[in-house]
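Then let us walk through it together, one stop at a time.

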Amino acid sequence: MNTTSLFENIPNLETNRLVLRKLEVSDAEDYFNVLSDPETIKHTRWDLFNTVEDSIAYLIYLEQKYQSRQAFHWGIIEKDSQKLIGRVAFISFDEENDRTEIGYVISKHYWNKGFISEAIQELIKYGFNELGVNRIEARCNEDNIGSERVMQKVGMKFEGILREQLKMKGNYKNQKHYSLIRSDL
């Protein structure tokens with residue numbers, strides 16, 4: 001696995017309906033519009049964004065993750081509207097084991113339209129073909145049916161439940177764990 005090209009030659013990815021480009025602090029207002037909705041963030045670790053400043057602080061945090069080469073986040077831009085509608089990311093890397101974990105969030109106004117699956121399929125293709133990963137993982141809260149359907153739709157395999165694996169907003173949550181390995185393709 002080689003993440004050097006990811007961090008040194010920042011890739012823009014494109015699908016039929018989407019452009020995926022590096023998420024920037026300058027996206028704060030649009031990102032706020034995505035994460036200031038209680039339903040959109042119901043299954044996330046972060047609290048509701050109450051101000052654009054909350055969005056700025058979070059995007060600065062993501063930039064620090066990028067600078068330290070711990071994670072890479074793409075903004076999801078809908079081509080028709082040129083609007084930022086969410087994000088997809090490699091949220092962690094394990095270069096020793098050629099493994100990465102993906103994460104994603106999309107505005108509730110774009111749920112059930114195939115946008116997030118389309119973006120993740122492009123991320124998966126990039127991970128296997130460009131980064132040389134062998135394993136891509138993802139998790140969701142046990143009750144997050146929409147996110148689980150996305151993982152299934154992109155071909156990921158259910159591996160089990162991680163009991164009380166994540167503390168979210170003061171409560172321990174079971175996580176459904178999925179993966180896709182190179183030999184699955």
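Leaving out residues up to four places away in sequence, N16 touches K79 and E118. This is a predicted model, so keep in mind that every contact and angle in this tour comes from a prediction. To find N16, look in the loop between β1 (13-14) and β2. N16 has a relative accessible area of 72%, and anything over 50% counts as exposed, so N16 is exposed.

Now for a contrasting stop. Is I120 buried or exposed? Its relative accessibility is 1%, and under 20% counts as buried, so I120 is buried. I120 lies in helix α4, which runs over residues 115-131. Not counting residues up to four places away in sequence, I120 touches V88, I102, Y104, V150 and V154. The C-alpha atoms of I120 and K153 are separated by 10.0 Å, and these two residues are 33 apart along the chain.

Let us look at the whole of that helix. With 17 residues, α4 reaches 23 Å from its first C-alpha to its last, close to the 24 Å expected at 1.5 Å a residue. How many of its residues are buried? The count is 13 of the 17, so α4 is largely enclosed by the rest of the structure. Just after α4 comes G132, which takes a positive phi of about 75 degrees.

Next, move to helix α3. It has 16 residues and spans 22 Å from its first C-alpha to its last, close to the 22 Å expected at 1.5 Å a residue. Which residues of α3 are buried? They are S55, Y58, L59, L62 and Y66. Seen down the axis of α3, these buried residues fall within an arc of 100 degrees, so they line one face of the helix. Turn to the face directed away from that buried side and you will find the exposed residues E53, Q64 and Q67. As for what the buried residues of α3 pack against, the partners are α1 (4-8), β2 (18-22), α2, β3 (72-78) and β4 (83-94).

Setting aside neighbours within four places in sequence, L62 is in contact with L23, H73 and R87. For a view across the model, compare L62 with E148: they are 86 residues apart along the chain, and 24 Å separates their C-alpha atoms.

One of the partners of α3 is α2, so let us visit that helix too. In α2, the buried residues are A28, Y31, F32, V34 and L35. Looking down the axis of α2, you would see them fall within an arc of 160 degrees, so they too line one face of their helix. The cover over these buried residues includes α3, β4 and β5 (99-106).

How do α2 and α3 meet? The axes of α2 (residues 28-35) and α3 (residues 52-67) come within 8 Å and cross at roughly 105 degrees. Angles of 65 to 115 degrees count as roughly perpendicular, and α2 and α3 are therefore roughly perpendicular to each other. At their meeting place, A28, E29, Y31 and F32 in α2 meet V52, S55, I56, Y58 and L59 in α3. The residues of this contact divide into seven nonpolar, one polar and one charged.

Our last stops are about backbone angles. Most residues other than glycine have a negative phi. Just after α3, however, R69 takes a positive phi of about 60 degrees, and R69 is not a glycine. R69 sits in the loop between α3 and β3, where it is partly exposed, with a relative accessible area of 38%. Q82 also has a positive phi of about 60 degrees although it is not a glycine. You can find Q82 in the loop between β3 and β4, and at 57% relative accessibility it counts as exposed.

Key:
Residues are numbered from 1 along each chain as its sequence is written. This is a predicted model: local features need pLDDT of at least 70, side-chain atom pairs count only at pLDDT 80 or more; totals for chains, interfaces and linings use all residues. Side-chain values use heavy atoms; hydrogens and water are left out. Axes are lines fitted to C-alpha atoms, for helices over the stretch in contact, and angles run from 0 to 180 degrees between N-to-C directions. Helices (H or I, at least four residues) and strands (E, at least two) are DSSP runs, numbered from the N terminus. Angles under 35 degrees count as roughly parallel, over 145 as roughly antiparallel, 65 to 115 as roughly perpendicular and the rest as oblique. Contact means heavy atoms within 4.5 Å. Ala, Val, Leu, Ile, Met, Phe, Trp, Tyr, Cys and Pro count as nonpolar, Asp, Glu, Lys and Arg as charged, and the others, Gly among them, as polar. The expected span of a helix is 1.5 Å times one less than its number of residues. Buried means under 20% relative accessible area, exposed over 50%, partly exposed in between (1.4 Å probe, protein chains only). The arc is that of the directions from the helix axis to the C-beta atoms.
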